[in-house]
Amino acid sequence: MMPSTIPNGAANGHSTGQIQYIPLSYDSTSDSTNGSTNGSTNGSADNDSSARQLILSLRPEWSSPDSNVEFVRFTDGITNTLLKAINRKAGLSKEQIDSEAILLRAYGHGTDVIIDRLRETQNHELLMKHGLAPTLLARFDNGMMYRFIQGQACHPADLRKPSIYLAVARRIAQWHATVPCLPETNTGSNGLKNHMRQSSLDFVAPGKPAPNTWTVMQKWIRALPTKTEAQRARQSELQKELSWLVEKLSQRPGLGKNGLVFAHCDLLSGNVIIEPKGPGTNGSSEGHEGCQIRGEESPSVNFIDYEYATPSPAAFDLANHFAEWGGFDCDYNVLPTRAQRAEFIREYIHTYFGLVEKSEDGKAIDEEYEVQRLMDEVDMFRGVPGFYWGIWALIQATISHIDFDYAQYAEVRLGEYWAWKDTMDGPCKAAGKEVPLREKRWAQLE
């Protein structure tokens, strides 16, 4: 177990004083070589020891003679370590054990360069207030612990099931319609200590309060490696592309104040949890009857992991989620067709306008008009997620200890961006190019 090197006050920040702080760290030194599968209770002794000390600091009663603390490792993500801590006392049912379970999430090595951890904590607290996140129990030097959300994590194939993607549409709409955008706290986080550099980020997209999707991408481009001439050339190229994207897309009209909504920005399958059937199983959806529609048998979902959540165009959040239908393998053959996107967005719009305040002039909302408008916006943003995660992966390739080919992933995702950009200047066939598979699938009607 590693002792704290962060003063308690500095770690707690400006708005997290009510959350318990534990001055210890999770030892992730052997995580990258751990071969356990999702849901495995196997792990290294060092990992188990540090995790146990953190859990017992939070729940000292779990050290009693009748306690039996176990850890279940989840490996769906490629950034952080996620463990489920349970106390398997004799005589307790699975439901009783899970009702007291705790999730321990340790941050990936070096990820403070790309993620504002104070901001993440503020996001979690904000979502808690709106009934959209589990209770945050404690923070520690390199992670946090929160209540386990009962349910089943999705796989990419689940996202393509109509009952699930309609539930996702309702939940995203709930986020966008009800959660306010947090302003910049100017804490110097995210690896940017210089105030002048931070201030310059506020004007990346004129008229758009920071932070937002555009300022995040600017931070990431500045954090790219520049040791070699090739790296510097790549950074310069991506900077020019970001400037082009900002000019082309940042001022487009959209939902929310200033065209921004509070967006998750990382709705991959593992961050979508299908709620178990029956009332009272989670308690994280209370007070939001507006998104529980279309029959008692309709499933409900929750979202986890809020480290990338930031004000964003709604179209980016939706386009980003649609890209995740293909999983980390980027299987473009299963991306949503135009008909599937329309069904999703129609459900989203119906839910969104059922939750936001009515227009001042009292006119009824033309939902079909809003559906078509958002369809067009998502089409415009479909290449941006590739650019976003391509930059991210270039940084991860230099800092991560996780066994994943980030460099190759970066090229695949950036390839999506370039393929989209090619279509912006006219059909590929006109230029003698074959239409890329991803663009073919996106244009497919059914």
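Predicted model: local features only at pLDDT ≥ 70, side-chain atom pairs only at ≥ 80, totals over all residues.
Residues are numbered from 1 along each chain as its sequence is written. Local features need pLDDT of at least 70 and side-chain atom pairs count only at pLDDT 80 or more, while totals for chains, interfaces and linings use all residues; side-chain values use heavy atoms, with hydrogens and water left out.

**Stop 1: two helices**

Select residues 162-178, helix α6, and residues 314-323, helix α10. Helices here are DSSP runs (H or I, at least four residues) and strands are runs of E of at least two, numbered from the N terminus. The two helices pack at an angle of about 150 degrees, and their axes are 11 Å apart. That makes α6 roughly antiparallel to α10 (an angle over 145 degrees, on a scale from 0 to 180 between N-to-C directions).

Now show the side chains of Val168, Ile172 and His176 in α6, which meet Ala314, Asp317, Leu318 and His321 in α10. Contact means heavy atoms within 4.5 Å. Of the residues in this contact, four are nonpolar, two polar and one charged.

**Stop 2**

Select Lys84 and Asp98, whose side chains meet in a salt bridge of 2.7 Å, N to O. A salt bridge is a side-chain nitrogen of Lys or Arg within 4 Å of a carboxyl oxygen of Asp or Glu. Lys84 lies in strand β5 (residues 81-87) and Asp98 in helix α3 (residues 94-99), so the pair ties together parts 14 residues apart in sequence. Lys84 and Asp98 are both buried (buried is under 20% relative accessible area, exposed over 50%, partly exposed in between, with a 1.4 Å probe and protein chains only).

**Stop 3: Arg105 and Glu120**

Go to Arg105 and Glu120, where the side chains form a salt bridge of 2.0 Å, N to O. Arg105 is in strand β6 (residues 102-106) and Glu120 in helix α4 (residues 117-129), 15 residues apart. Arg105 is buried at 2% relative accessibility, and Glu120 is buried at 1%.

**Stop 4: within one helix**

Select helix α9, residues 229-249. Its residues Arg232 and Glu229 form a salt bridge, with the closest N and O atoms 3.2 Å apart. Arg232 and Glu229 are three residues apart, so about one helical turn separates them. Arg232 is partly exposed at 37%, whereas Glu229 is exposed at 56%.

**Last stop: a network**

Finally, select Arg105, Asp112, Arg117, Glu120, Asp305 and Glu307, which salt bridges with shared partners join into one network. How many salt bridges does a search of the whole structure find? The search finds 27.

Conventions
Parallel < 35°, antiparallel > 145°, perpendicular 65-115°, else oblique. Nonpolar A, V, L, I, M, F, W, Y, C, P; charged D, E, K, R; others polar.
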